[in-house]
Each structure stands twice: as C-alpha cells, then as structure tokens.
Amino acid sequence: MALTYRCLIIDDESPAHKALASHISKFDDLEHSGSAFNGMEAIKLLNENTYDIIFLDINMPVISGVELMELQPKRPLTIVTTAYSDFALSAYQNDAIDYLLKPISFDKFSKAIEKAKIYSSGNSIKKEDISCEKVLSIRVSGQMMNIPLTDIIYIESLGNYMKLYSAKLNLPLIVYGSLSSISSEIDSNNFVQVHRSFIVNVAKITSVTFKSLTMSNNEIIPVGRKYQILLDSFFR
C-alpha cells in the first residue's frame, strides 16, 4: 500500500487555504487532512491528530508561525508559506524543510514536497526508534544514565546546563544542554514547555493557575505568557 502524507494547512487567510489545498489535490500521495486558521487551532489539532506535513503561515494573530515552531519543537515536517521574507532564518533555525513566498507556484510547491519526502524517507527508521524510547539517556559526572520518562517531574534551564528533577531521586541531576535540545528526546504528548526555563511532565502537575503550576514534589513552576495557550491545550 502506497504511503500517504497527511497534510495540515495553518494560515489565517482563506485564499491561502484554497491555493494550498488545490496544490495538494494534484498529488496522489498527499491528503489534505486538516485546516487551522490561527495558532491556537493549530496546536489543538496537532495535539489531537497525526500529520506528516504542515504548511505554516508566519504572520498570524495571537501565535505567529515562528512562535508555534518554538512551542512545538517535535512537530510534523514543516513547510513555511508566507508573504514575508524576513523570517527565513528563524524558520530554518526551527528546522523548517522549506520557505515558500506567496503566491506559491505549483513548481515551487512540488520541489518543497520532494524535499519533505526525501527527509521523511531518510529519517523514518530514526523516528520509529525515538517513538519507542521510554527513557532519557543523559551523561552525569562522566557516566551515562537512563532516566525513565515517567519519573521526570520537570526540567529547569540553567544557562548552558539543566536541572532534571526525578520522582525517584532525592537531588536534581545537573546535565549539560538546553531545553530546546532535550525537547527532541522527550515525548511531546506528555511533556510541555510552560516557561522559557521550564519543561514539565503533564502527569506530574497537581494544580494549575493562570500564572503557575504546582508539581507532585510541591514545587511551584511559573507559567510564561506565550506558553499559557500551549498548556491550555492539554486541559481542554
């Protein structure tokens, strides 16, 4: 059975949806599986469904395309579709497959799809391995440790280092790295970034307010303004 790529269009303008949907319909192996007209809708759909490729506008209300990429580091292959050339660097820094300027010709669209297919086929085995991982492998004092993801309460950024809090350890582990780098190694269905300095395990949250969370170890974690929307999607 041939592989079908499920596609999500994220754009606040209806003409853009129609143009992209028309391009998608010309490919037998592409399926238009969802449409979102703002960042909030997009995050909800991404949390509730599985997509292979997203077509993402940059200039949207509430959550911009760049902010959405930052909030969803583990997301489907992303092709940016925008009228603005200024954000290309930010898009590629957030692992966009391609950056298409509107109006998008079918030829440019086709080339972007080919890039996405090549990337997908070259990383399919790696994605399967990651999806099966139940532990986080980290180096502590020169030794490798495997920490079960279900044991992690939250991870706190400390510049070039991080503090990892585990339910089974009395003291936090200090490891080298950043939240952006570690976010690709944890399950986005169970972990969410709630502040520029904190990623939390949703299962370890005991109470929620607009500005803070209380975790299972009774620590209170601040919630950043732009991350509130992402957190809300877990509790709707």
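Buried, in this talk, means under 20% relative accessible area, exposed means over 50%, and partly exposed lies in between, with a 1.4 Å probe and protein chains only. By that cut-off Lys-117 is buried, at 15% relative accessibility.

Some ground rules. This is a predicted model, where local features need pLDDT of at least 70, side-chain atom pairs count only at pLDDT 80 or more, and totals for chains, interfaces and linings use all residues. Residues are numbered from 1 along each chain as its sequence is written, and side-chain values use heavy atoms, with hydrogens and water left out.

Back to Lys-117. Lys-117 is found in helix H5. Helices here are DSSP runs of H or I with at least four residues, strands are E runs of at least two, and both are numbered from the N terminus. Contact means heavy atoms within 4.5 Å. Leaving aside neighbours within four places in sequence, Lys-117 is in contact with Tyr-5, Phe-27 and Asp-29.

Rings of Phe, Tyr and Trp, the last by its six-membered ring, pair if their centres lie within 6.5 Å; planes under 30 degrees apart are stacked, over 60 edge-to-face, the rest tilted. How many aromatic pairs does a search of the whole structure find? Seven. Take Phe-27 and Phe-106: centres 5.7 Å apart, planes at 40°, so the pair is tilted. This pair links distant parts of the chain, 79 residues apart. Phe-27 sits in the loop between helix H1 (14-25) and strand E2 (30-36), and Phe-106 in helix H5 (residues 106-132). Phe-27 is buried at 13%, while Phe-106 is partly exposed at 34%.

Tyr-154 is in strand E8 (residues 152-158) and Phe-198 in strand E12 (residues 198-201), so parts 44 residues apart in sequence are tied together. Tyr-154 is buried at 2%, and Phe-198 is buried at 10%.

Ring pairs also link Phe-27, Phe-55, Phe-106 and Phe-109 into a cluster. The charged end of Lys-26 sits over the ring of Phe-106, 5.9 Å from its centre. The test there: NZ of Lys or CZ of Arg within 6 Å of the ring centre and within 35 degrees of the ring normal.

Next, helix H2 (residues 39-48). Which residues of H2 are buried? Gly-39, Ala-42, Ile-43 and Leu-46. An α-helix has 3.6 residues a turn, so residues three or four places apart point the same way. Their cover includes strand E1 (5-10), E2, strand E3 (53-56), helix H3 (65-71) and helix H7 (228-232).

Zoom in on Leu-46, buried at 11%. Beyond four places in sequence, Leu-46 touches Leu-8, Tyr-51, Ile-54, Leu-68, Gln-72 and Pro-76. At the N-terminal end of H2, Asn-38 is the cap, with a side-chain oxygen 3.0 Å from the backbone nitrogen of Met-40.

Last stop: Asp-11, in the loop between E1 and H1. Buried or exposed, Asp-11? Buried, at 0%. A polar contact of 2.6 Å joins the side chains of Asp-11 and Lys-102. A polar contact is a pair of N or O atoms within 3.5 Å; within protein, one must be able to donate a hydrogen and the other to accept it, and residues adjacent in sequence count only if both atoms are side-chain atoms.
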